[in-house]
Each structure stands twice: as C-alpha cells, then as structure tokens.
Amino acid sequence: MMTLLKIIKYQLHDLLRGKWFIIYIGVFFLLTDGLFRFGGDSGQVSLSLMNVVLFIIPLVSIIFGTMFFYNSREFMELLLSQPISRTSIFLGLYLGLTIPLSAVYLIGVGVPFIYHAGVQTGSYWILLLVGVSLTWVFTALAFLIAVLSEQRVKGIGMTIVLWLFFAILYDGIVLFILFALEDYPLEKLTLALSLFNPIDLGRILMLLQIDIAALMGYTGALFSKFYGNMFGSVVAVFALWVWCIAPLWLGYRAFSRKDF
Amino acid sequence: MQLLRTILIIPLVSSALWAGLVEVGSDYFHTTISDGLKASLPGDTVRVHPGTYVERGLAISHTLTLIGIDNPIIDGNHNGEILTVTADGVTIEGFTFKGSGLSHLDENAAVRFEETNHGRISHNRFEDNFFAIYISKSENILIENNAISGLAISESRSGNGIHLWYCKNINIRGNTISGHRDGIYLEFVEQCVVTQNHSTENLRYGLHFMFSNHNEYNNNRFDNNGAGVAVMYSRHVDMHNNVFADNWGSSAYGLLLKDIYDSNITDNQFNRNTVGLYSEACNRIQVEGNNFENNGWAVKIMANSMDNVFTHNNFLANTFDIATNSRQNFNAFSQNYWNRYRGYDLDKDGIGDIPFRPVKLFSLLTEKNEPALMLMRSIFVEIMDLAESYIPILTPATLIDAEPLMRINP
C-alpha cells in the first residue's frame with residue numbers, strides 16, 4: 001500500500017512538471033469561462049461543454065494514456081527490478097495518471113462554474129461526473145492497449161481506432177440497427193444499446209438533465225423514466241464502473257504475466 | 001286627446017325611470033338572489049350587495065341586468081349549475097362564481113347562456129368551477145375581463161374555462177383563464193373574435209377549436225398549457241399577434257393545426273415550445289412575420305400539407321428549424337431569417353446568394369424512426385447533418401429557402 005502511494009506521488013511530481021497539464025487545464029478553463037462570458041446561463045454552458053467533454057476527454061485520455069504508458073517503460077523496468085508487487089506498479093501508474101487528469105478537469109470546468117453560477121444545477125454535477133468517468137474509462141482502455149501492444153505506432157493507431165469507434169462509428173452502427181429493425185418495438189433495445197458505449201451513456205445522462213428529454217418523445221420519456229429512478233441510476237453508474245474495471249482488470253492480467 | 005295621451009304615457013315613463021331596480025342583500029327585502037330574480041320584471045336591474053350567497057339553479061328567463069357590488073360571492077357548493085340564462089339582452093357583471101358541480105353526465109357551468117342573443121358577461125371572477133362559462137346556440141355575446149381559475153387535476157374530472165357551442169358573433173376579450181381542462185373551447189362557432197386573453201396552466205389546451213370557420217384570434221397569450229393550442233377542421237381562421245410560449249412536454253405544441261384551410265398566421269411569437277407549429281393536412285395557410293425562438297422543433301410540417309407559404313419569419317436558436325416526414329415538399333419557403341444560415345451576400349441586397357436548407361437529415365430520420373432520437377447531439381449525427389447539408393441526398397430537395405434573409409426581420 002505504501003509503495004503504491006509512493007509510486008502515485010512520484011507520478012504526480014513527474015506529470016506536473018510537464019506542460020501538458022497546463023495546456024489541458026487552460027483549455028477547459030478558458031472554454032468554460034468564455035462560454036459564461038458570452039452570455040450563457042449554466043444550462044446552456046453545460047450543453048455546449050457537453051459536446052466538448054464527450055469529444056475531447058476520451059481522445060486525450062486514451063492517447064495520453066498510451067503515450068504515458070510507453071514513456072514509463074524504463075521507469076517500470078526499474079521498479080520491476082525491485083521487490084515491489086506488479087499490482088502496486090500497475091495501479092500506481094494508473095492512479096498516478098487518472099487522479100491528476102480528473103483533478104485538472106474538475107478544476108478547469110468547476111472553478112469557472114463556481115464563480116459564474118455558484119454550485120447549484122443538476123446538469124453541472126452530471127457534467128463533472130461524466131467527464132471524470134470518461135477519463136477513468138478511457139485511460140483504462142489506453143493501458144490495456146499499451147500492455148497488449150509492444151510497438152508504439154501500432155498501439156497509438158489502435159487507440160485512435162478505438163476512440164473513433166466509440167465516439168463516432170458506434171452511433172452509426174446504432175442507427176443502422178434501428179433502421180434494420182424498424183418494424184419491431186425498439187425502445188428497450190435503445191436503452192440496452194446506450195449502456196454499451198460509455199460516451200453514449202454519458203451523453204444521454206446529460207441530455208436528460210438539460211430538460212431536452214421532452215424533444216425525444218416516447219424514447220426520451222422511457223429514458224427519463226429509466227435513468228430517473230434509483231434502479232436506472234444504479235445501472236448507469238454500474239455500467240460506467242464496468243467500463244472502467246473490465247479493461248483495467250484485463251490490462252492488469254496481461255501486465256502481471258508480461259515478460260519484460 | 002292630448003290629455004289622454006299624457007295619462008297613458010306618464011306611467012310608462014315613470015316605470016322606466018324607477019321601477020327597474022331590485023336590490024338584493026342581507027339588509028334588503030330580498031335576501032337571496034333567487035328571490036330577487038323572481039321579483040324582477042323584464043328590463044329591470046338587479047343589484048346584489050356584498051356577501052356570500054349559497055345558491056344553485058338560478059334562472060334568468062327575461063331581459064335583465066344582474067350587477068354585483070364589490071364582488072358578492074355566489075357559491076354553488078359543488079352541486080349542479082349556478083346560473084342559467086335563456087333570455088336575450090342579459091348582462092352579468094361583477095360577481096364571484098364558485099363551485100359549479102362536477103358531473104360526468106351534465107356539463108354543469110357557473111354561468112350558462114342557452115339560445116340567447118345580445119348578452120354580456122363582464123368583470124366577474126370564476127373560481128373552482130367545473131365549467132366556468134358555457135354558451136350554446138347563442139349570438140352576439142360579449143365575454144369580457146373575467147378572471148377564471150380552476151383547480152383541475154385530471155382531464156376527465158374537469159371542464160373548460162370558456163366553452164362555446166354553436167355560436168355566432170361572440171367577442172371574448174381580456175379574460176385570464178387557468179386551471180381548467182381547455183382554457184377556451186369553441187365548437188361550431190362562427191365570426192368570433194378572441195382577443196387579449198391570457199390562457200395559462202390549463203391541463204390540456206390553452207385554446208381548442210374545431211369546426212369553427214371565419215374566426216379571428218389576436219393579441220392573446222397562451223403559455224404553460226399541457227399541450228398548447230389546438231386548431232382543427234376549420235377554414236378562414238385569422239391568428240395574429242399571439243404569443244405561444246413554454247408548452248414544454250413530450251407531446252406539447254405551441255400551435256397544433258389539423259385540417260385548416262385558407263388561414264393566416266401572422267406576427268405571432270412561438271417561444272420555448274417542444275414543437276412551435278405543427279401542421280397536418282393544412283392547405284393554403286399564410287405563415288408570415290412570426291418569431292420562432294428556442295423551440296425544440298420550430299415547425300413540423302407533415303407531407304399532407306400543401307400550398308402553405310412561409311415568409312418573413314424569424315427562426316432563432318431552435319433545435320430543429322423545420323421537420324417533415326417526406327422527401328416531397330408542396331410548400332413554399334422564402335425570405336425568412338434563419339440564424340443557422342451561413343451563406344453570403346455579395347450584391348448586398350439583404351438576401352443570401354445561396355439557398356438555405358432548413359431540414360436536417362437527422363430530423364427526417366427521427367420522423368421515420370423515433371427511437372433514433374437517442375442519438376440526438378451525438379458527434380456522428382452532427383457529421384451526418386453537415387455532409388447532408390452540402391450534398392443533399394435524402395432531405396427534400398425542394399424544401400429550401402432560395403432567398404434567405406441576411407438580417408433579422410424587425
């Protein structure tokens with residue numbers, strides 16, 4: 001446990017020296033602050049930020065995650081030569097990256113929100129929750145890919161393909177399925193499909209908060225009914241957890257068997 | 001002869017001068033309104049002094065002016081009808097009507113005009129009634145400056161605020177109506193003017209009319225009603241300067257049109273509705289100078305609508321500007337302002353040089369396959385819409401505004 005904390009602490013030191021984080025925090029800060037200054041209320045700002053969050057956070061997390069893992073190769077080999085468990089090393093690297101990434105996001109978006117609008121709206125909390133969840137999910141996916149693929153170029157390529165799949169292609173496939181099965185009642189299916197993509201899940205959770213569900217007719221009503229009650233919220237959070245834990249566990253398994 | 005004529009005339013004149021007044025109140029000879037009405041003669045004025053009168057089944061069967069002083073309360077105790085008028089030229093003014101009885105068999109109203117002519121209902125308050133004002137088979141009635149509020153909870157256990165059936169020449173002006181099933185309901189009504197009313201927070205429609213030709217609605221405000229305003233099966237309807245706002249819900253419309261012909265919808269405001277204007281099987285409607293702002297869908301126009309003209313409207317910050325369910329289009333759009341328009345105007349005539357396509361691919365897809373709405377605002381959909389807007393394949397090719405305005409209509 002102590003070694004885990006030490007590794008996380010070292011990672012934090014290492015990361016905060018880089019310029020990456022300054023840029024990342026600056027982008028979110030300026031964007032949120034700017035949206036408020038251009039006269040949006042907190043609901044509109046959440047809505048505008050939503051697209052950015054759903055687009056940028058997975059991309060940055062997954063690419064930065066793989067690069068980080070590859071760059072830590074020598075550090076890992078050094079640690080492995082010491083009497084330190086592989087669990088500590090893997091989790092240390094993961095938490096050492098996700099904690100600062102989420103913190104940066106929370107500060108970049110949260111601070112302008114607090115001094116412009118105060119802490120109030122539901123959509124604001126969902127925005128933060130979705131952003132942090134996506135950071136954790138896509139960093140876990142990044143680590144899985146980086147462990148499985150030795151070659152950097154191949155690894156980075158795979159992360160981009162994976163990001164494209166979740167961010168864009170998946171919705172195309174959903175649309176195809178919905179039209180292919182047009183003659184059947186599809187409402188339950190759409191609910192299920194929304195759980196199989198963390199980005200879609202985040203998007204729908206946020207849309208339901210911003211009172212846009214009314215536009216979504218019967219489907220929207222079904223979504224708000226499902227995600228609005230206790231059971232649905234638990235399912236949604238559980239699904240996000242599974243999306244984080246499953247790739248992390250697979251990555252850990254590969255990591256612990258890996259021959260360095 | 002002269003003397004005889006004088007003798008004959010004097011009583012007539014004098015009766016017209018002073019016999020016409022009947023006073024009702026706790027300090028007067030008549031302590032109940034029903035007594036006062038029984039004692040009155042045609043053409044009399046019945047003055048009711050302040051107080052609460054628990055009465056039901058009041059009937060006026062001859063010409064009469066019924067005036068309340070400082071809003072006396074007539075309480076029907078939720079039992080049957082309060083006041084029924086069957087005579088011409090009756091005025092009812094200055095009362096508070098409370099508690100006409102809920103019934104599943106009868107449409108019990110606080111005030112009912114039945115087969116009358118030249119009546120007036122003004123400056124009354126209506127509270128917690130089943131139906132408030134019910135006019136049937138009447139002509140030339142003025143309903144003015146009444147405040148009508150109900151406590152409707154469910155559609156089946158509530159009535160309408162102002163209900164007109166088979167009427168002609170009715171003027172409904174300056175009323176506020178809330179908490180009923182439909183705020184104003186008209187069926188088989190002609191040459192009626194509805195103006196300066198505020199209909200809000202009714203369970204179903206703020207204004208609902210069917211089979212009512214040659215009517216005019218102007219300067220009204222309809223907001224926060226369960227399903228907005230519904231206009232069906234009518235011709236020659238003129239709607240202008242109205243506000244349709246905040247009808248937000250899964251099947252709420254600012255203005256729902258079904259089978260409307262030869263009508264005008266001009267200079268109205270449609271703000272924050274799920275669907276601003278919904279048109280089904282409507283022909284030859286002129287939609288001009290309206291403002292559509294912050295709606296989910298500004299206009300949903302079904303393919304069975306033909307020859308409608310949309311011109312000089314403003315479309316601002318709507319999620320979807322126009323939605324339709326077909327690749328065919330039989331309506332004309334020209335010289336509207338679209339805040340989504342990204343064209344240019346080289347010759348500086350105020351009209352964009354490239355046409356605007358207000359129908360997004362996604363809105364067409366969701367009309368055909370509603371569950372696809374789960375993809376709303378996803379990146380894939382945005383890319384698809386962008387591609388379609390440059391190379392239209394699926395969206396109606398003729399549904400374009402060939403002359404989009406560069407600047408907003410004043």
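## The model and its confidence

Because the model is predicted, local features need a pLDDT of at least 70 and side-chain atom pairs count only at pLDDT 80 or more, while totals for chains, interfaces and linings use all residues. Residues are numbered from 1 along each chain as its sequence is written, and chains are lettered from A, with ligands numbered from 1, in the order in which they are written.

The model has an ipTM of 0.83 and a pTM of 0.81. Where pLDDT is low, the predicted coordinates should not be read in detail.

## Helices H3 and H6 of chain A

Helices here are DSSP runs (H or I, at least four residues), numbered from the N terminus. In chain A, helix H3 (residues 42–71) packs against helix H6 (residues 122–148) at an angle of about 20 degrees, and their axes are 8 Å apart; axes are lines fitted to C-alpha atoms over the stretch in contact, and angles run from 0 to 180 degrees between N-to-C directions. That angle makes H3(A) roughly parallel to H6(A), a word used for angles under 35 degrees, whereas over 145 counts as roughly antiparallel, 65 to 115 as roughly perpendicular and the rest as oblique.

The residues of the contact of H3(A) with H6(A) comprise 18 nonpolar, ten polar and no charged, where Ala, Val, Leu, Ile, Met, Phe, Trp, Tyr, Cys and Pro count as nonpolar, Asp, Glu, Lys and Arg as charged, and the others, Gly among them, as polar.

## Helices H1 and H5 of chain A

Helix H1 (residues 2–17) of chain A packs against helix H5 (residues 86–117) of chain A at about 40 degrees, with axes 8 Å apart, and H1(A) and H5(A) are therefore oblique to each other. By class, the contact of H1(A) with H5(A) has 13 nonpolar, five polar and no charged residues.

## Where the chains meet

Between the chains, 20 residues of chain B are in contact with 27 residues of chain A, two residues being in contact if their C-beta atoms, placed from the backbone, lie within 7 Å. The side of chain B that touches chain A has eleven nonpolar, seven polar and two charged residues.

Terms used: Helix = DSSP H or I, 4+ residues; strand = E, 2+ residues; numbered from the N terminus.
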